[in-house]
Amino acid sequence: MIDDRYNLRNLFNIYMQAEKETKTIIFESHIGRGRFLFMSFFADDDESTKDKIFLYLRNTNNMVSTKLYGNHLKGDFYIYPNKNLQRKLVKELQLNEGSGTFSFSTFMEQFNDSIPKSIPSELKVKLMTENSSAINQTGAIDEVEKIYLLSIKKLNIGTPQDKTLRKLYMYTENNSKDIDSFIKILKKVNYTTVWGTTKPQKNVNIQDWINRLS
């Protein structure tokens, strides 16, 4: 039996924003005593995270996920939270399940209302940098052990993967606008980034690469 569905319709604006970038949504939400880190990664070439949302529950130190349904381009972002997920969310709110006048549907409306209309690039970089360990739990980053930017390379086959380019937000100290510009250029000229496990002797300046590729 399928549980009640809820439409997180306020995701539409930041979904359309993320479509033009690295198909990454990340923001924080505080509802009552609950502290939530919302993450969604929907690259077309990554079936493991596409059409999923991840919630890191800060009070309970727990990661939960559920699938998104509906035509997102029409503003439909349906979830069907099962009883187990609902229990974890109630626990994060530090409430006793079934006590008082708590309504899960009201909570979902409050969560929907907490979704921002846009996510500034500076905030996205800050949240991704500060929460890299949580992001790595989602599978949205490839080769998580490789965190040092070494170079770029031309792709003769395929296109640059968002799960590789997202590392630029997490593991470089560049200006967020430069990172956004760099990612757009890499996709346009079909280059990707190369990462390693050992820190290079000299920090990479992506502005130099932007100038070379532009």
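User: Where does Thr24 lie?
Analyst: Thr24 lies in strand 2, which covers residues 24–31. Keep in mind that this is a predicted model.

User: Buried or exposed, that Thr24?
Analyst: Thr24 is buried, because its relative accessible area is 4%, and buried means under 20%.

User: OK, and what does the side chain of Thr24 reach?
Analyst: The side chain of Thr24 gets to the backbone oxygen of Thr22 at 2.9 Å. There's also a polar contact of 2.6 Å between the side chains of Thr24 and Arg166.

User: Which residues does Thr24 touch, leaving out those up to four places away in sequence?
Analyst: On that count, Thr24 touches Ala18, Ser40, Phe41, Phe42, Met128 and Arg166.

User: Switching to helix 2. Which residues are buried there?
Analyst: Helix 2 runs over residues 83–92, and Leu85, Gln86, Leu89, Val90 and Glu92 are buried in it. Looking down the axis of helix 2, these buried residues fall within an arc of 155 degrees, so they line one face of the helix.

User: Why would residues a few places apart point the same way?
Analyst: An α-helix has 3.6 residues a turn, so residues three or four places apart point the same way.

User: And what do the buried residues of helix 2 pack against?
Analyst: They pack against strand 3 (34–41), strand 4 (52–57), strand 5 (62–67) and helix 3 (104–114).

User: What goes on at the start of helix 2?
Analyst: There, a side-chain oxygen of Asn82 comes to within 3.2 Å of the backbone nitrogen of Asn84.

User: What follows helix 2?
Analyst: Gln94 follows helix 2, and the phi of Gln94 is positive, near 60 degrees.

User: Which loop holds Asn61, and what's its phi?
Analyst: Asn61 sits in the loop between strand 4 and strand 5. Phi of Asn61 is near 50 degrees, a positive value in a residue other than glycine. Asn61 counts as exposed, because its relative accessibility is 56% and the cut-off for exposed is over 50%.

User: How about Glu143, where is that?
Analyst: Glu143 is in the loop between helix 5 (132–138) and strand 7 (148–154). Its phi is positive too, near 45 degrees. At 43% relative accessibility, Glu143 counts as partly exposed.

User: Last topic: at roughly what angle do the axes of helix 8 and helix 9 cross?
Analyst: The axes of helix 8 (residues 176–189) and helix 9 (residues 206–213) cross at roughly 40 degrees and come within 10 Å. That angle makes helix 8 oblique to helix 9.

User: Left-handed or right-handed?
Analyst: The crossing of helix 8 and helix 9 is left-handed. Residues making the contact include Phe182 and Leu186 of helix 8 and Trp209 and Ile210 of helix 9.

Notes:
Residues numbered from 1 in each chain as written. Predicted model: local features only at pLDDT ≥ 70, side-chain atom pairs only at ≥ 80, totals over all residues. Heavy atoms only, no water. Buried < 20%, exposed > 50% of the residue type's maximum accessible area, 1.4 Å probe, protein only. Helix = DSSP H or I, 4+ residues; strand = E, 2+ residues; numbered from the N terminus. Arc of directions from axis to C-beta. Contact = heavy atoms within 4.5 Å. Polar contact = N/O pair within 3.5 Å; in protein donor to acceptor, adjacent residues only side chain to side chain. Axes fitted to C-alpha atoms, helices over the stretch in contact; angles between N-to-C directions. Parallel < 35°, antiparallel > 145°, perpendicular 65-115°, else oblique. Left-handed = near helix turned anticlockwise from the far one by under 90°.
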